[in-house]
Amino acid sequence: MGRAVTIGTFDGVHRGHRLVLGKLKEVAAARGLQPMAMTFDRHPLELVCPQKAPGNLLTTARKEQLLSEEGVAPLVLTFNEQLRGMRAYEWLGLIKRRYGVEALVVGYDNTFGSDGIYLSLADLKAMGDTIGIEVIEAPEEAGVSSSRIRKAIKSGDIALARDLLGRLPELEGTVIAGYHVGSDIGFPTANLQPGRGLVVPAPGVYAARACIADGEECWPAMVNIGTRPTFEGTDKESHHPSIEAHLIGFGGDLYGRRLRLEFAARLRDERKFESVEALKAQLEEDKKNAIAEVR
C-alpha cells in the first residue's frame with residue numbers, strides 16, 4: 001500500500017497539528033493510502049544551533065504515542081547532518097523511493113529541506129509533479145503554535161496552554177530521591193527529574209494528574225515547582241528548583257519509575273510561610289483545590 005505523509009516536528013501534537021493530521025487522514029482515505037507522520041528524534045535546532053533550541057513539550061516516545069492515537073503511523077527519523085543537508089527535492093525523491101509516498105500534506109508554515117524556507121507551495125507542487133507525489137496544503141489553525149505553547153507553560157499560564165494544545169500540558173521524567181520534606185510534614189512527594197530538554201512550568205503550585213507511565217495509572221496530584229523557601233537556612237533548603245508531586249491517595253513506592261504530570265491549573269505562587277504549621281495548613285487547602293481542578 002502506498003502512503004500519504006506529512007513531515008514536521010509535531011512538538012506537542014497540538015490543535016494545529018491535529019488539523020493537519022485530520023487532512024492527512026482524509027487524503028489517505030480518499031486515495032486508499034496509509035497515513036504516516038514523519039518526525040524527528042530532536043528539534044532540528046538542537047543540531048543546527050543548540051543555544052537557540054527552544055525546548056520540547058513532549059518526549060519522542062510520548063509524541064509517537066499521541067500520533068498513533070490520532071490514527072496515524074509515526075515514523076521517527078534521526079535528525080543528523082545528512083538530513084540537515086538534504087534539499088527539498090532530494091527529500092521528495094527519498095520519501096518516494098524509500099516509503100512509497102504518493103501524497104504529501106503540508107501545513108501553512110511547513111518547511112523541510114535545507115532550502116525549504118525559500119520555497120513556495122507552488123514550488124513544492126511542481127517538484128512533486130516531477131517526482132510523482134501529489135502535494136496538498138492543509139488548513140490553518142490560526143494562533144496555535146508550539147512556540148506559543150512553550151511560552152505559556154514557561155510563564156505558568158496553564159489555561160492558555162490547555163486551550164492551544166486541546167488537552168493538558170504535561171511533563172515526564174523519572175522519580176529520584178529528594179529531601180523527604182513532604183514525608184516529614186505528612187505530604188510525601190515524588191521528586192521528578194524531567195527528561196532532557198523538556199519545558200518546565202514556571203515556579204508555583206499546580207493541580208495535576210500524575211500518571212505512572214509504565215502502567216498508565218493516574219492520580220490527582222498537587223505539584224510544587226520551586227526552591228522550598230519556607231526551609232531556607234535548614235538542611236532541607238533547596239539551592240536549585242525542584243519538581244515535587246504529592247499523589248493524592250497513592251501509597252506506593254515510585255523511585256526509579258517514569259511519571260507523567262498533566263497540569264490542570266496553576267493554584268498559586270510559591271511563597272515562604274512563617275512556620276511549618278502554616279505551610280501544612282496551606283497544603284491542606286491546596287489538596288482540596290487540586291482535587292476539585294482534576295476531577
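This is a predicted model: local features need pLDDT of at least 70, side-chain atom pairs count only at pLDDT 80 or more; totals for chains, interfaces and linings use all residues.
Which element supplies the largest share of the lining of the largest pocket?

Residues are numbered from 1 along each chain as its sequence is written, and side-chain values use heavy atoms, with hydrogens and water left out.

Now, back to the pocket. A pocket here is an open set of points on a 1 Å grid over the protein atoms alone, where a 1.4 Å probe fits, with protein on both sides within 12 Å along at least five of seven lines; lining residues have an atom within 4 Å of a point. The largest one has a volume of about 1,000 Å³, volume being the space filled by probe spheres set on the points, which are joined across faces, edges and corners. Among its 38 lining residues, Gly8, Thr9, Asp109, Asn110 and Thr111 are the closest to the centre. And the answer: α1 gives the largest share, four residues.

Let's turn to the disulfide, meaning a pair of cysteine sulfur atoms within 2.5 Å. The whole structure has one, between Cys211 and Cys218, with the sulfur atoms 2.1 Å apart. The torsion about their S-S bond is about 110°, so this disulfide is right-handed. Cys211 is buried at 0% relative accessible area, while Cys218 is partly exposed at 30%. For those words, buried is under 20%, exposed is over 50%, and partly exposed is in between, using a 1.4 Å probe and protein chains only.

How values were computed. Helices (H or I, at least four residues) and strands (E, at least two) are DSSP runs, numbered from the N terminus.
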